[in-house]
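Colleague: I am new to this structure and would like to learn how to read a few of its features, one at a time.

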Amino acid sequence: MATHAHTDAVHDDHDHKPHGWRRWVFSTNHKDIGTMYLVFACTMFFVGGTMALIIRAELFEPGLQFVDPQFFNSMTAMHALVMIFGAIMPAWVGLANWLIPMQIGAPDMALPRLNNLSFWILPFAFMLLLGTLFVPGGAPAGGWTMYPPLALQAGDSFPMMIFAIHLMGASSILGAINVVVTVMNMRAPGMNLLKMPLFVWTWLITAYLLVAVMPVLAGAVTMLLTDHYFGTSFFAASGGGDPVMFQHIFWFFGHPEVYIMILPAFGVVSEIIPTFSRKPLFGYESMVYATAAIGFLSFIVWAHHMFTVGMPLAGQLFFMLATMLISVPTGVKIFNWCATMTRGSLTFEPPMLFALAFLFLFTIGGFSGLMLAIVPADFQYQDSYFVVAHFHYVLVPGSLFAIVGAVYYWLPKWVGRMYDQKLAKVHFWLSAIFVNVLFFPQHFLGLAGMPRRIPDYATQFADWNMVSSIGAFGFGFSQLLLPYIIIKCVKSGAPAPARAWDSAHGLEWELPSPAPFHSWETPPSAAVIARGAEH
Amino acid sequence: MIRTIQRSGTAFAAVVLALLAAPAHAESGWHLLNMPVGVTELSKKIYGLHMMIFWWCVAIGIVVFGWMIWAIVAFRKSKGAVANTAMVHSTKAEIIWTLIPVAILVAMAVPSARVLIDIEDARNTELTIKVTAYQWKWQYQYLGTDVAYFSTLAHESNSARELQSGIDPATVPNYLLDVDNPLVVPAGVKVRLLVTAQDVIHSWWVPEFGMKKDAIPGLVNEMWFKVDADKTGRYRGQCAELCGRDHGFMPIVVDVMSREDFDAWLTARKAAVKQAAAAPSTSATIS
């Protein structure tokens, strides 16, 4: 029966799917577009990773061995831009494309042509951004935060970076609109909002954050552009402007942006942990409300990124308290995941391993985040390696591990084959060990007084920097296992059943593996939805 | 033959000694794990807060990580654990793990707010110095006097930091943390800094003083410190806000002197300024 369904699906493919390059360039299919997003994100992950290794190679020892300080600054700025806008965000949009229609019982995304456009903007945006490496004056070197007046001291890279950011922003907004419209209109009858899987919920909230803040970033960089070329002085004190205003506008975008990168990770972990605990998610509704609370709070904490600019006491107190408040809904989530595992029946397949590492290491990032919220202590931490350690703990073992965990969780569904789980476990252990060797010592460096974004350092910082660099190379090279495992799986993995993990719940597992080209051509029945919605 | 072995043995020993000796020049950094307590009234309060939150995090970590590890160890399928699929919700538990964190946050917020209020209280300062940041140096002006000078990276560090300079940073005293003219302040006196910048944003940070403050063109920020009377000495820091190519090469050095030594220093500087001002006019009369 299963085989029969499988051949049917293949037959379907022949009927509807264009071939060759047209299949990809003109694609309006959520799965193909999702694949393109994920391949793009993986490519950019290795581009940004190479930049990180250039940084860590220079920081291996005191003294300047390899690069000029200006190029070093370009590497720190470009590493951040590529990883945030090129790797993490497109990876989440790719996962949303693949999973949301399957999880809500829809045949495809609501706006398929928009979907095509939102993907195909990205390669052009990154051609512009990476092209800055080859123009006079070099790539942007004023940090990914682009604070004026420093950001204005740039060569030809300046307008290219700004137009690249406009394009990425447009792509993200279109992607987000598509998610909102799909979730609001394409749910199968009977799939009401509080039956949706948490991945869909977290993405819905993420999509609203994206629509709200990407235009703010576009506004900020446009003002930079007119300050540079058209004689305005929004951010120039000499013309009556205010350089600090840029930071307020930027972080009004920047803080929700942080949650844009982490909320879908919460969703993924909320799917993986119940499956491998063989138990429904504990406190489903409180998870949804906690996500919404985090989304709301993300708009009123931005100034904690800039406590040292000199703010009134009342402002500092407000932003300190609001920031501390975020740990409450985040704590609810951590406790719910722990309670989900309690009295479960746990097994440790690769997706579960990545989810557990997320749980441990994201919590460490949460602790340092709480410490950073305390304004007086932040006067020491601000702009030191302690901050670098903090946000890498939430972004690498946080967002990135969740993305890798998601790929290992749904890959059998996508390609209909099981990957080499032993090798994936090797990938996990190498990643989990090296990520700590890489980032944990950076806490020490920051507390001891090493500022961030410096190409060379005083000799007392040499020892821990060397450890960190060793961790970086170990982590970077072990990531090559990921594409290897995926390619091997696509080419020669053993066939996977429809329910690839014995206790996986959700509508996607009710479809055959690989999932048919058009996910749910007829909506799932009430019984199927009821079975799928046991969170 | 034996001689060759001896010779290579000596050479080997020399290489080993050189390898051992090279890092021995530099101060080892393995023990640098925590924030310095610092030498000012505020830095100690800030350190105290930092340690208080740290221990709170350790305590919460013991509970949370303990729970995770217990769940992972006790409920393994391989040990025959059977899932209790009815355990999906508990309003009581959820209220408890919302309220307890709120209580902990209040316990953290109250002392933090107190220290913050102290930090913002810049009244009754005895000495004001204007700090102006440039790409890539600092200028210190003692307000009310004509004493003003620039402070830039010391020559030795500056030569060693060139790309592939061939100079081992370990042989340079206080590599990258040394300047030509340090800032000089008295111990036991509440000193106010007015911090601004001329070109891009910088940040003035001496970890032993517990604070940093951004230097922003067009704005004047205020910070203060009061070094303990018995903590005279030399303290080092760096620019903390990315300010362009040589951001890593504009250190800060503060010489903290006893009040008498400081007064003598300031008098000497004032005299030097007067002399320098007088010098050109004298030479003009002669010619």
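This is a predicted model: local features need pLDDT of at least 70, side-chain atom pairs count only at pLDDT 80 or more; totals for chains, interfaces and linings use all residues.

Colleague: Why does the distance between the end C-alpha atoms of helix α3 (residues 91-119) of chain B agree with what its residues should span?

Modeller: Residues are numbered from 1 along each chain as its sequence is written, while chains are lettered from A and ligands numbered from 1 in the order in which they are written. Helices are DSSP runs of H or I, at least four residues, numbered from the N terminus, and the expected span is 1.5 Å times one less than the number of residues. For the 29 residues of α3 of chain B this should give 42 Å, and the end C-alpha atoms are 42 Å apart, which agrees.

Colleague: Which residues of α3(B) are buried, and what covers them?

Modeller: A residue is buried if 20 or more other C-beta atoms, placed from the backbone, lie within 10 Å of its own. In α3(B) the buried residues include B:E94, B:W97, B:M108 and B:I119. Their cover includes α9 (284-297) and α10 (313-325) of chain A, together with α2 (41-74) of chain B, where a contact means C-beta atoms within 7 Å, placed from the backbone.

Colleague: How many residues of domain 1 of chain B are in contact with domain 2 of chain B?

Modeller: Domain bounds come from an automatic or database assignment, which here gives domain 1 (2-80 + 91-120) and domain 2 (127-274). In chain B, 12 residues of domain 1 are in contact with 14 residues of domain 2, and α2(B) gives the most to the domain 1 side, with 4 residues.

Notes. Helices (H or I, at least four residues) and strands (E, at least two) are DSSP runs, numbered from the N terminus. A residue is buried if 20 or more other C-beta atoms lie within 10 Å of its own, exposed if 12 or fewer, and partly exposed in between; C-beta atoms are placed from the backbone. Two residues are in contact if their C-beta atoms, placed from the backbone, lie within 7 Å.
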